[in-house]
Amino acid sequence: MKAIVGGKVVRLTVNSREYEVEGYPNETLLDVLREKLGLTGAKNGCSAGDCGACTVLVDGKPLLSCLLLAIECEGKDILTIEGLANPKTGELHPIQKAFIENHAVQCGFCTPGIILAAKALLDNNPTPAQEEIMEAINGHICRCTGYVSIIKSISAAAEKMRKGGQ
């Protein structure tokens, strides 16, 4: 993605696609994703990095897009919830499936950020203990589920992924 930010061309890749947008030096990645690219999975819950609803993966690491300037993402690989499903078949990622199967989604506001945090965890640790799952989603505020079904979903996804299941 080429972003023209204050006269400077910035290269970004979002969900394996390149775009060209015009922006400002103080524009957050969240603003670019939502307002310029139409990728609304990342949510603005607090604008202060306290809720986790804006979490995206940047080079595989979960980061808060409300605190990250778009210009700082030059040359980095950005993954949003919209890019998690199989791009050819549209089949949901095992983590997404596990959230549905284990009823971990209620209002859904926090879900994209939590799923991406879970993906980062499982990419680096395919057999996480419950404490490690809890640590990975620490900082993600969910006011609906109480986290039990979320933790269960991440554990179920880890097991399915270890077995090569989709």
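Q: Which residues of α5 are buried?
A: This is a predicted model, and in it the buried residues of α5 are Ser 149, Ile 150, Ile 151, Ser 153, Ile 154, Ala 157 and Ala 158.

Q: And what covers the buried residues of α5?
A: The cover includes α2 (94-101), α3 (111-124) and α4 (130-136).

Q: Let's take α3. At what angle do the axes of α3 and α5 cross?
A: Roughly 40°, and the axes come within 11 Å. That makes α3 oblique to α5, because angles under 35 degrees would count as roughly parallel and 65 to 115 as roughly perpendicular.

Q: Is that crossing left-handed or right-handed?
A: The crossing of α3 and α5 is right-handed.

Q: Which residues meet there?
A: From α3 you have Ile 114, Ala 118, Leu 121 and Leu 122, and they meet Ile 150, Ile 154, Ala 157, Ala 158 and Met 161 of α5. By type, the residues of this contact are nine nonpolar, no polar and no charged.

Q: Back to the helix itself. How many residues does α5 have, and how far does it reach?
A: α5 spans residues 148-162, so 15 residues, and reaches 21 Å from first C-alpha to last, close to the 21 Å expected at 1.5 Å a residue.

Q: Now the end of it. What is the phi of Gly 164, which follows α5?
A: The phi of Gly 164 is positive, near 80°.

Q: Gly 164, buried or exposed?
A: Exposed, because its relative accessible area is 57% and the cut-off for exposed is over 50%.

Notes: Residues are numbered from 1 along each chain as its sequence is written. This is a predicted model: local features need pLDDT of at least 70, side-chain atom pairs count only at pLDDT 80 or more; totals for chains, interfaces and linings use all residues. Side-chain values use heavy atoms; hydrogens and water are left out. Helices (H or I, at least four residues) and strands (E, at least two) are DSSP runs, numbered from the N terminus. Buried means under 20% relative accessible area, exposed over 50%, partly exposed in between (1.4 Å probe, protein chains only). Contact means heavy atoms within 4.5 Å. Axes are lines fitted to C-alpha atoms, for helices over the stretch in contact, and angles run from 0 to 180 degrees between N-to-C directions. Angles under 35 degrees count as roughly parallel, over 145 as roughly antiparallel, 65 to 115 as roughly perpendicular and the rest as oblique. A crossing is left-handed if the near helix is turned anticlockwise from the far one by less than a right angle, and right-handed if clockwise. Ala, Val, Leu, Ile, Met, Phe, Trp, Tyr, Cys and Pro count as nonpolar, Asp, Glu, Lys and Arg as charged, and the others, Gly among them, as polar.
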